[in-house]
Amino acid sequence: MSWGSPEAFFAMGGYALYVWGAYAVAAACILTELWLLRRRRRTLERAPSRSNGAPGSDRASGQT
Amino acid sequence: MRLNVWKYASPPAFYRLAGNLAPWFLGLAAALAATGLYIGFFVAPTDFQQGESYRIIFIHVPAAWMSMFIYAVMAFWCAMGVVLNTRLSFMMALALAPTGAMFTFIALWSGALWGKPTWGTWWVWDARLTSELILLFLYIGFLSLHAAIDDTRRADRAAALLALVGVINVPIIYFSVKWWSTLHQGASVSLTRAPTMAATMLVGMLIMSLAAWMYAIGVSLLRARTIMLERESDAEWVRELSAERR
């Protein structure tokens, strides 16, 4: 498959909006998922370890 | 030494294993996606009927396959959780749901962008499209129901029940193009017939599907790890882990 020129490649035979629209949104979805997961993980690591046991039992043990 | 697979049913062992494996799966996914996209855009020929618009296939079909497959795996873990009462099973199901929902959305979105130039419409209420939309609602329903119940054990069971009832939708999606007259075309790739598409198109599509598999495995392992830490923050092994990091 030879496109001839970069312009021809990006034009996708007149279907640029459809083809690139599909791939751009898919890429955005994947990047968003990875970013949200990373944020969820970071929040967890920063949070002080919470305890469901006696109130304050864990906080007393010191630094976070 | 005999490999004991049951060892990995315990959260601390699974946590370490998942942490070691996830980067490999994600790396493999990136390499396969690069190869698949290269074949899809620079090797595969122009379709004589659809022109270049058919190139949406390389994202659409893998995403649609994964949307159904992840749901089936999620339902499997829910069933395991309900029957065996293992906490890891529910965590796996919960880790898979957002990725499954994402692939369902990509399948619907890329399908709409493919439908417009080829069918002349973004959307029709035919059996294939409607059942795929229901799949998206099932994923969202599963996650919302789980989030709405405070008690984790009850949330796990209630959401699992929803997932198990909804699994009936997966064969409906798959066979919808056979059972009903749909605007969506029938399967181009099946185990019983030779595929009805050019070899390079097929190879590109299959490599992209493998990439989607590797991505789904890698990202859900990472999410399972995070869910484990969230749930077992009081367990001895999590305390030891956070002590190691300091």
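**View 1. Chain B on its own.** Of the 246 residues in chain B, 39% count as buried, meaning that 20 or more other C-beta atoms, placed from the backbone, lie within 10 Å of the residue's own. This is a predicted model, where local features need pLDDT of at least 70, side-chain atom pairs count only at pLDDT 80 or more, and totals for chains, interfaces and linings use all residues. Residues are numbered from 1 along each chain as its sequence is written, and chains are lettered from A, with ligands numbered from 1, in the order in which they are written. Chain B has 8 helices and 0 strands; these are DSSP runs numbered from the N terminus, with H or I over at least four residues for helices and E over at least two for strands. Its C-alpha trace spans about 65 × 35 × 35 Å along the principal axes.

**View 2. The largest nonpolar core.** This core has 72 residues, and the term covers buried Ala, Val, Leu, Ile, Met, Phe, Trp, Tyr and Cys joined through C-beta atoms within 7 Å. Among the residues with the most contacts inside it are Ala22(A), Ile56(B) and Ala63(B). Helix 3 of chain B supplies the largest share, 17 residues.

**View 3. Around Ala63(B).** What does Ala63(B) touch, leaving aside neighbours within four places in sequence? Its contacts (C-beta atoms, placed from the backbone, within 7 Å) are Ala26(A), Phe103(B), Ile106(B), Ala107(B), Ser110(B) and Ala212(B).

**View 4. Where chain B meets chain A.** Here 34 residues of chain B are in contact with 23 residues of chain A. On the chain B side, helix 3 gives the most, with 11 residues. By class, that side has 18 nonpolar, 9 polar and 7 charged residues; Ala, Val, Leu, Ile, Met, Phe, Trp, Tyr, Cys and Pro count as nonpolar, Asp, Glu, Lys and Arg as charged, and the others, Gly among them, as polar.

**View 5. Helix 2 of chain A beside helix 7 of chain B.** The two axes come within 10 Å and cross at roughly 25°; they are lines fitted to C-alpha atoms over the stretch in contact, with angles running from 0 to 180 degrees between N-to-C directions. So helix 2 of chain A is roughly parallel to helix 7 of chain B, a label for angles under 35 degrees. Residues making the contact include Leu34(A) and Leu37(A) from helix 2 of chain A, and Val219(B) and Leu222(B) from helix 7 of chain B.

Terms used: Buried ≥ 20, exposed ≤ 12 C-beta atoms within 10 Å, placed from the backbone. Contact = placed C-beta atoms within 7 Å. Parallel < 35°, antiparallel > 145°, perpendicular 65-115°, else oblique.
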